[in-house]
Amino acid sequence: MERKIIGFKLDAAGDWTAMLDCGHPQHTRHRPPFENRAWVMTQDGRDSMLGQVLNCVRCEEFELPADFVKCKVTPEFTESTMPAGLRGQHYTSSGVWGKIVVLEGRLLYCVPSKNIALELDSSSPGIVVPELPHHVEPQGSVRFMVEFYKAALPG
Ligand SMILES: [Zn+2]
């Protein structure tokens, strides 16, 4: 999935890592002749890459960034109280991840662009990837809620 570069930092090994707007880091090493990214070695070079996109494999894997924190939880919904919008195509904003937590029953979680239709239950939550259209459909009687996750504030 294409994600924008929002910053850079050095990892523990001294290698440059791009921070993507999804919350995932991605190495952007300069290790000639294997990886040629001379631009990453200068501040100007790094600045020139801000806003450019890289393909993020971790988003394809539906991997919630490890250091993200829960910022909001919806009320508990049932098949009759859930907002109608959840049954139609919708998505979270840039940098906002979700976790669909089923408390009881079963909920079908669909991500059409990835050909994904997963049946969620109390032992298998659904991960919602930022900006990726999806919808849910109750499979009979169900109770569930959605948790939202964001980057922790610095400091
Ligand atoms: Zn990502």
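Two residues are in contact if their C-beta atoms, placed from the backbone, lie within 7 Å. By that rule, 4 residues of domain 1 are in contact with 6 residues of domain 2. On the domain 1 side, the touching residues divide into 2 nonpolar, 1 polar and 1 charged. Here Ala, Val, Leu, Ile, Met, Phe, Trp, Tyr, Cys and Pro count as nonpolar, Asp, Glu, Lys and Arg as charged, and the others, Gly among them, as polar.

This is a predicted model: local features need pLDDT of at least 70, side-chain atom pairs count only at pLDDT 80 or more, and totals for chains, interfaces and linings use all residues. Residues are numbered from 1 along each chain as its sequence is written.

**Domains**

The chain is divided into domain 1 (2-60) and domain 2 (68-151). These bounds come from an automatic or database domain assignment. The C-alpha centres of domain 1 and domain 2 lie 30 Å apart.

**The open sheet**

Strands (E, at least two residues) are DSSP runs, numbered from the N terminus. Two strands pair if DSSP finds at least two bridges between them. An open sheet is formed by 4 strands, in the order S3-S2-S1-S4, with antiparallel pairing. Its edge strands, S3 (25-27) and S4 (53-55), each pair on one side only. On average, neighbouring strands of this sheet are turned by 55 degrees against each other, direction ignored. The angles come from axes, which are lines fitted to C-alpha atoms; between N-to-C directions, angles run from 0 to 180 degrees. Strand S1 (residues 2-10) runs antiparallel to S4, joined by 3 bridges. Glu-2 has Asn-55 in S4 as its bridge partner.

Strand S7 spans 97-111.

| Pair | Bridges | A bridge partner |
|---|---|---|
| S7 and S10 | 12 bridges | Leu-108 with Glu-137 in S10 |
| S7 and S8 (residues 116-120) | 5 bridges | Cys-110 with Ala-117 in S8 |
| S7 and S9 (residues 126-128) | 3 bridges | Gly-98 with Val-128 in S9 |

S7 and S8 also form a hairpin, with 4 residues between the strands. In this hairpin, Asn-115 takes a positive phi near 55 degrees.

**The nonpolar core**

A nonpolar core is a set of buried Ala, Val, Leu, Ile, Met, Phe, Trp, Tyr and Cys residues joined through C-beta atoms within 7 Å. A residue is buried if 20 or more other C-beta atoms lie within 10 Å of its own, exposed if 12 or fewer, and partly exposed in between. In soluble globular proteins, nonpolar side chains tend to be buried together.

Which residues touch the most other members of the largest nonpolar core? They are Ile-100, Val-102 and Leu-107, out of 20 residues. Strand S2 (16-20), strand S7 (97-111) and strand S10 (135-151) each give two or more residues to this core. The core draws at least three residues from each of domain 1 and domain 2.

Ile-100 has contacts beyond four places in sequence. Among them are Leu-107, Tyr-109, Leu-120, Val-128, Val-136 and Phe-144.

**Thr-78**

Thr-78 is found in strand S6 (residues 77-78). Is Thr-78 buried or partly exposed? Thr-78 counts as partly exposed because it has 14 C-beta neighbours inside 10 Å. Leaving aside neighbours within four places in sequence, Thr-78 is in contact with Val-142 and Arg-143. Val-136 is 58 residues from Thr-78 along the chain, and their C-alpha atoms are separated by 12 Å.
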